[in-house]
Amino acid sequence: MIDFIEAENIKDLADLASEIWHEYWVELLAPEQIDYMVEKFQSEKAMNEQIKNENYIYFYILKDGEKAGYIGMSHKEDGLFLSKLYIKKEYRHKGLGTKAFDFIKEYAKSCNYDKITLTVNKENENTIRAYDKWGFKTIDAVVTDIGSGFVMDDYIMQYSL
């Protein structure tokens, strides 16, 4: 059984995010950049600011009642921005990502959006393949300076509802 529930305990969510990020990104990013990005984008403080000031909403992905991952989305004027879709290692490649994307599509439709946009690291080949399979199209590329000498080198992808 897979469920999606709105995350209300942001400290707990930030702890889950840190756990996943420190496991997932080690192949692509330096440990210093992972630490920096977790603090800047996935800490309790950062997530609370995103919810308060950037129209974010977070959901847990639950598999049989266990927290298997999370979703972070932001309401934008021109569509839904899928900022975060992360699944713990032991739950990957078991269909949870696809179920999560089905949930995201329904959520976007319920908000009367006609598209979902995201950014994905250009080196994140497995995730890019998943987004391609789900029907996302690459519409642009961007390099974003995130401070402390770090950049995010991403594709911008979009899904039309």
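Mentor: Before we start, axes here are lines fitted to C-alpha atoms, for helices over the stretch in contact, and angles run from 0 to 180 degrees between N-to-C directions. Keep in mind that this is a predicted model.

Trainee: At roughly what angle do the axes of helix α1 and helix α3 cross?

Mentor: Take α1 as residues 10-24 and α3 as residues 44-53. Their axes come within 8 Å, and the crossing is at roughly 120 degrees.

Trainee: And what do we call α1 and α3 relative to each other?

Mentor: Angles of 65 to 115 degrees count as roughly perpendicular and those over 145 as roughly antiparallel. The axes of α1 and α3 cross at roughly 120 degrees. So the two helices are oblique to each other.

Trainee: Which residues in α3 does α1 meet?

Mentor: On the α1 side, you've got Ile10, Lys11, Leu13, Ala14 and Ala17. The residues of this contact divide into 6 nonpolar, 1 polar and 2 charged. Over in α3, the partners are Glu44, Met47, Asn48 and Ile51.

Trainee: What about α2 and α3, at roughly what angle do their axes cross?

Mentor: Glu39, Lys40, Phe41 and Gln42 of α2 make the contact with Glu44, Ala46, Met47 and Gln50 of α3. The axes come within 5 Å and cross at roughly 35 degrees.

Trainee: Which residues lining the largest pocket are the closest to its centre?

Mentor: That pocket has a volume of about 1,400 Å³. Its lining has 24 nonpolar, 14 polar and 12 charged residues, and the elements giving two or more residues include α1, α2 and β4. Of the 50 lining residues, the closest to the centre are Tyr24, Trp25, Tyr86, Asn124 and Thr127.

Key: Residues numbered from 1 in each chain as written. Predicted model: local features only at pLDDT ≥ 70, side-chain atom pairs only at ≥ 80, totals over all residues. Heavy atoms only, no water. Helix = DSSP H or I, 4+ residues; strand = E, 2+ residues; numbered from the N terminus. Parallel < 35°, antiparallel > 145°, perpendicular 65-115°, else oblique. Contact = heavy atoms within 4.5 Å. Nonpolar A, V, L, I, M, F, W, Y, C, P; charged D, E, K, R; others polar. 1 Å grid on protein atoms, 1.4 Å probe; cavity = no way out; pocket = protein on both sides within 12 Å on 5 of 7 lines; lining within 4 Å. Points joined across faces, edges and corners; volume = space filled by probe spheres on them.
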